Amino acid sequence: MQLFDVYSLYDIEPVKGKGNYVYTADGKEYLDLYGGHAVISIGHAHPHYVEAVASQVAALPFYSNSVRNSLQQKLADKLGKASGYEDYQLFLVNSGAEANENALKLASFATGRKKVLAFDKAFHGRTAAAVAATDNPKIRAPFNETENVEFVPLNDLEAVEKKLATKEFAAVIVEGIQGVAGIRMADDGFLQKLREITRETGTLLILDEIQSGYGRTGKFFAHQYAGIRPDIITVAKGIANGFPMSAVLIAPEIKPEKGMLGTTFGGNHLGCAAACAVLDVIEEEKLVENAAEVGEYLISELKKIPQLKEVRGRGLMIGVEIDGSAPELRKRLLFEKNIFTGGAGATTVRLLPPLTITRSEADRFLQAFKEILA
Ligand SMILES: *Cc1c(COP(=O)(O)O)cnc(C)c1O
């Protein structure tokens, strides 16, 4: 059988990871400023994580959601404490798209409405409803074209107000910081106003923190810079350091009904053990604080590089706008300097390192980046 060939690959195969580095079979070391797509939050093969996952896989990796699983409550307690959302409810699923799918469904259940408002250049995943709310014609199939989703420009309050005044919208879905779009920020003031308008019109506010959450921006969630509390928050990427898992955080006013949502794999024991271990390390090693600190340093140093057109982002979610081809530059960083970075379109380099990255690793990247640019 052949693989269904949908990915553009680098000709390189990491077989091992340790801390902020990955290694190929021939022992070459690569600094990871991509975190395997914003997924590796606590660094590769963290001993506490390895131990927790290994002992859970030996004990009981999975049993169905028809029986009690106290690991889910343990995770809910830890996540509530880490995020400041102790009064919210937790629903566990398996991927980012699936978390958004459930969030959108829940908003529709709760409001009895059908429409969803999303933003230009948004990315919310590739399943039916999530991709319908994604502003990328290339990945949205004809089947997913729906009159139920409408798009307005990010930070355009007037456009939002006009749409929501109809009171036809179940939810507005917005990324804490747009990731795939190339690190585009929703202004704090915009998010605050959005919170007001959604409340006034009985529309639920869904914050997609799948990429921007879990400490990446220097706060647990990016929207916490705006001081708002959404009705629903979705998280995934960094949640279990590579184990496929995601979650929906649901405000206390939204009441569950038996059977309204469900999943086979979601909330499984192995995923919960992995996710608990991640939160342990985030707290123990003060990784949110580290993301703020090293992120601020990286951003301010990048802003001093004259060849760069723009540097956007917060904490360790950084978009660098270059004059030239970003894919070409990233390839050179990888093959000449042994550094992984992320991309987003033709001219943006996206940095999404593990939250464990150190200042001296940031310096190593800055040095290499300047050499390639020069
Ligand atoms: C990655 C991502 C998703 C989709 O997550 P998957 O796990 O790939 O389904 C959704 N929203 C945002 C903001 C993302 O970055």
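In this predicted model, the protein chain exposes about 17,300 Å² of surface, and carbon and sulfur atoms supply 52% of that area. Turning from the surface to the interior, buried residues account for 54% of the 374 residues in the chain. A residue is called buried here when its relative accessible area is under 20%.

The overall dimensions can be read alongside these values. Along its principal axes, the C-alpha trace spans about 55 × 50 × 45 Å. A compact globule of 374 residues would have a radius of gyration near 21 Å, and the 20 Å found for the protein chain agrees with this, so the chain fits the expectation for a compact globule. The contacts tell a further part of the story: of those between residues at least 6 apart in sequence, 74% join residues at least 24 apart.

Charged side chains come next. The protein chain carries 42 positive and 47 negative side chains. The centres of the two sets lie 1 Å apart.

The secondary structure of the chain consists of 11 helices and 17 strands.

For strand 13, an antiparallel partner is strand 14 (residues 317-321), and 5 bridges connect the two. Within this pair, Val311 stands opposite Val320 of strand 14.

Strand 7 pairs with strand 5 (residues 115-119), the two running parallel and joined by 3 bridges. Here Lys115 has Phe169 in strand 7 as its bridge partner. Strand 7 also runs parallel to strand 10 (residues 204-208), and 5 bridges join these two strands. One of the residues involved is Ala171, whose bridge partner in strand 10 is Leu204.

Seen together, the two groups illustrate both senses of strand pairing: strands 13 and 14 pair in the antiparallel sense, whereas strand 7 runs parallel to strand 5 and to strand 10.

Key. Residues are numbered from 1 along each chain as its sequence is written. This is a predicted model: local features need pLDDT of at least 70, side-chain atom pairs count only at pLDDT 80 or more; totals for chains, interfaces and linings use all residues. Side-chain values use heavy atoms; hydrogens and water are left out. Helices (H or I, at least four residues) and strands (E, at least two) are DSSP runs, numbered from the N terminus. The radius of gyration is taken over C-alpha atoms; the globule rule is 2.2 Å times the number of residues to the power 0.38. Buried means under 20% relative accessible area, exposed over 50%, partly exposed in between (1.4 Å probe, protein chains only). Contact means heavy atoms within 4.5 Å. Accessible areas come from the Shrake-Rupley method with a 1.4 Å probe; for residues, only the protein chains shown count as cover. Lys and Arg count as positive and Asp and Glu as negative; His and the chain ends are not counted. The place of a charge is taken as NZ of Lys, CZ of Arg, CG of Asp or CD of Glu. Two strands pair if DSSP finds at least two bridges between them.
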